[in-house]
Amino acid sequence: MPNTTFIILILLLPLVSFVLLGLFGRKYIKAGSGIIATILLLATFLVSIYTACHYFFEYGKINGVYEKLVPVKYTWLAFSNGLAIDMGVLLDPISSMMLVVVSLVSLMVHIYSLVYMKGEERFSTYYAFLGLFTFSMLGLVVSVNIFQIYFFWELVGVSSFLLIGYYYDRPSAVAACKKAFIVTRFADAGFLIGILILSYYSGTLDFAALIEKLTAPGSTELGNALSASFLGLSALTWGMLLVFMGAAGKSAMFPLHIWLPDAMEGPTPVSALIHAATMVVAGVFLVARLFPVFALSAPEVLNVVAYIGAFSALFAAIIACAQTDIKRVLAYSTMSQIGYMMFALGVSKYGGEGGLGYTASMFHLFTHAMFKALLFLCAGAIIHFVHSNEMKDMGGLRKFLPVTHFTFLIACLAISGVPFFSGFFSKEEILTAALNHNIAIYWAGLATAGLTSFYMFRLYFNIFWGKEFRQHGETRREGGFAMKAPMILLAIGAALAGYIPFGKFISSDGKALAIPFELKHAIAPVALSFVGALIAAWLYLRQNNKPQKIAASLSALHQSAYRKFYIDEGYLFITQKIIFNIVGKTADWFDKNMVNGLVNLTASSTQAFSFATKKMQSGKVQQYAIYFLGGAILLAVLFVYVWK
Amino acid sequence: MTEFLILMKSELMATALIFILLFIKMGGGMKNGLLLQVIQVLLLVNFITGFFFNKEGNLFGNMFHTSALIAFQKNILNLGVYLIALLNADWLKKTDHLPEFFILMLSALLGMFFMVSSGNLLIFYLSLELSSIPVAAMANFDLHKKNAAEGAMKMILSSAFSSGILLFGISLLYGAMGTISFAEIPQHLDSSPLQVTAFIFIFSAFAFKLSIVPFHLWAADVYEGSPVATASFLSVVSKGAAAFIFITILYKVFQPMQELWYNLLVTVSVLTMLLGNLFALRQQNIKRFLAFSSIAQVAFIVLGISSNDHIGITSVVYFVLVYVFSNLSAFGVASVIAEHSGKENIDDYKGLSKTNPFLGWSLTLALFSLAGIPPTAGFFGKLFLLTAAAAKASYWLIIVAALNMVISLYYYLRVVRAIFIDNNEMPIKKIQADRSAELGLVICSVGILLTGIVSWIYDFIQSLH
């Protein structure tokens, strides 16, 4: 392997951007901060591309297999004998691909924001946060061990918290960033426990060693992890389940998805970066990273992944059909597409032909990053123009926003799986993989495909066709070149990314995989997509009252889809009513009644004491003493008699 | 003689400082501002000398024991005292009896040094008293405030009560085995009911010092009433010292009863975490809030101690270091604000970031560290403690601990939200804090950021034992 220490630049440049703009941005380089950050990111992108190409075409392939290489490694902490925490860069097909995806989308967002965020008071802070986010996301994808990934995982959470809450003077943005942070932190608690379990049983944190120890049949580590059981499941199952919980939290899988739609309160380019292409796919990436362990040692957990993925895909697609806020439609659509990637991993096997799902999932991750980031950027341009997120305020915009209209259409075609656009290829592979392994999931995927095309074209027709748009007051124009350029570039990607022979580069075992293409498998999804698009056209192309009529006749379903199946209400009920009322009030009651009751019982004996200290306002000291003594005696009794 | 000087270096330094302050007091005539600077310099010198000439050894027939790790632990306490002197400069400058405050604090520190070094239950008891009684006087330092007097009174009464139970436990133990030397006790331990009872009574004294549930009740009242300097001393330095000696006593002295105290620690740690967090959720006063949050923090320390191995020791010492930076920083901001505006409620902090961005960011960073959010040191501290505890693979425990980290995030964010987001018609006015308080906050913030990222600190602690 050639000298590759320069790879560390990929991490350093965004960090420099963050530190530079964070420290001096607001005072000294206010207006220039966008340009500086963009240039630094351009450099990051170039180094990433160079690294990925080098990896794929020069040194990555050893004897026909793509190996995991660690060009940069630094022992951060020797935690105990044999358990060292390394920080470094791991290059393998998926991390190389993610480097390109993350730096590309981030670069597009940097450029786009030059116009979109212009004039914001905290312009440089915004770029500083973008730098921090990009740094943490890149650090996450190249992690060499599970500790490093956890560190960057949390850091991604923090930086997205900062970005979602960017408009901190809006109460809804504040609530949203808090919700996102706490929900994902809750999931991360599971992730952390999973990490602890896995590292405890495998005795290592390093990904390569961990995967090797936990997949080698007959290894002592694997044996121990399988034989230790807790609540009827083996330790390994728990570990993997909990790791998946962390992944599901970040990737907004049901039922941990509730933060994602609200997170749309952040600036729209941020949604393109975080909620389309990068952070939300971190969960998929994590499952892919540990895929051999899932597939070889914990297939039951992989089944969970598959069902949760399929359910989320379908569920979110149904909800997306009834939303009226365009960003929310896109948010649910993201959740649905990530569900696709998840179940593709879930139905996959390790190695050979069976590993089609793995390749398909990564392929879809790649194409999805293009068209979804593009959709969000288009949404930004539309919102920039209309000053509203609501579909009812739009219509007929094709005349005013020609570039946006054209690129949005390409993205729509791609996501709907229309032949010869990128989404078609990756979706086809996923459905083929599902058909080979699990028919129920295949049907869910198929239904989702139809729904996807429906809600996307509903969006498209509502925004660009339908009623005529009337300009109020001043005449507005489509955003400048800096906004259009990223959209056009991504549109090219969304159209053509499907022609990349993904199986050659990415597969579950590193060997090249020939992707089968069978025409008969492509017929059903494509037909469904066309049907979905046609229904949308029939309903929304011209202004009419058909949608309302249909909504009325399906009112219960429509209502619950619109209300997102009352999931948020359920959570609110649990947290507010149950946790705060029952647990909180119990503690309160305990405080007021038990403590006082205890004191009343012993009132006579403490009367003299309380007289002496009467001047103190509360007179609670004797109560403290009783608690103290009671506690000591209780513990003594507990440990002498009960818990020997 | 030189050996004596070297081994008791920290204690001698603290004593020397006490005498210097006594002479200054008797000489009189030095203005508070200048005097405070002198004290800060002295404490800094004390802290720096703490790094040199450390070796292992015993004195006075094994009654006094020290080692490189113990010297480092003492130096963490030194650092805490130095930071308190910096951070509370605004309040200290105005107090009438500045030398006395530091004489009391250094006496308590001296007591802690002896406590950490004790090799015998008697020395341990004496030093424990020496480390508590002066603090009660420090709690009452705002002489004109009624609730300060109340807090001090509560402190001294509960502490006397705790000492009584401790003494009772020690005498039971002595009755059972005829020795109070740390070196000899392990040979006589057989987990008879008498010994278990004695152990639990001794444990309760630690629990009192560390304010573990159900021995925590005094803490919030005392913190609320006393000056912030005292509250921060109590919550950081005093707890740190108690945690250090707790490790020694459990790992060296009561090692044969390891299974028993493992269960005990797990039980109280879970209770403490839950109650500390539940109560912290509802607090309005920032000092009470920090009191309950530090109760929950200590529960994590206890969790780390329960691991009973090398990683446990390193992780606890590391966490205490991190905790010194984070908690003192939070208290420091509270002190500056209380001194300049008289406000102590979380609601008063609304809009703080607009008028006082430096204070707002310092407090936020400290709270992030307390909540364990990367890249702050608190994240690593908690992670190491949990990893240490996970070595026992007790799933429920880890689950409870991890969930508690989420709950705590909720209430720490509540304060952050008040600082940055909530609107306030009358926010706290622009405050010009004392230079040294600002320096203290900068040191703490740098500490919070660097202690985590720079891994050799952990390695260094690891190498000490």
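**View 1. Burial in chain B of the predicted model.** In this predicted model, 63% of the 465 residues of chain B count as buried. The chain has a radius of gyration of 21 Å, which agrees with the value near 23 Å that a compact globule of 465 residues would have.

**View 2. Secondary structure and contacts of chain B.** Chain B is made up of 21 helices and 2 strands. When contacts between residues at least 6 apart in the sequence of chain B are considered, 81% of them join residues that are at least 24 apart.

**View 3. Helix α20 of chain B.** Helix α20 of chain B runs over residues 435-453, and its 19 residues reach 27 Å from the first C-alpha to the last, close to the 27 Å expected at 1.5 Å a residue. Among the buried residues of α20(B) are Ser436(B), Ala437(B), Gly440(B) and Leu441(B). Further along the helix, the buried residues include Cys444(B), Ser445(B), Gly447(B) and Ile448(B), together with Thr451(B) and Gly452(B).

**View 4. Chain A.** The secondary structure of chain A comprises 27 helices and 6 strands. Of the 644 residues in chain A, 57% are buried. Among the contacts in chain A with a separation of 6 or more, 79% are accounted for by residues 24 or more positions apart.

Methods
Residues numbered from 1 in each chain as written. Chains lettered and ligands numbered in written order. Predicted model: local features only at pLDDT ≥ 70, side-chain atom pairs only at ≥ 80, totals over all residues. Helix = DSSP H or I, 4+ residues; strand = E, 2+ residues; numbered from the N terminus. Rg over C-alpha atoms; globule rule 2.2 N^0.38 Å. Buried ≥ 20, exposed ≤ 12 C-beta atoms within 10 Å, placed from the backbone. Contact = placed C-beta atoms within 7 Å. Expected span 1.5 Å × (residues − 1).
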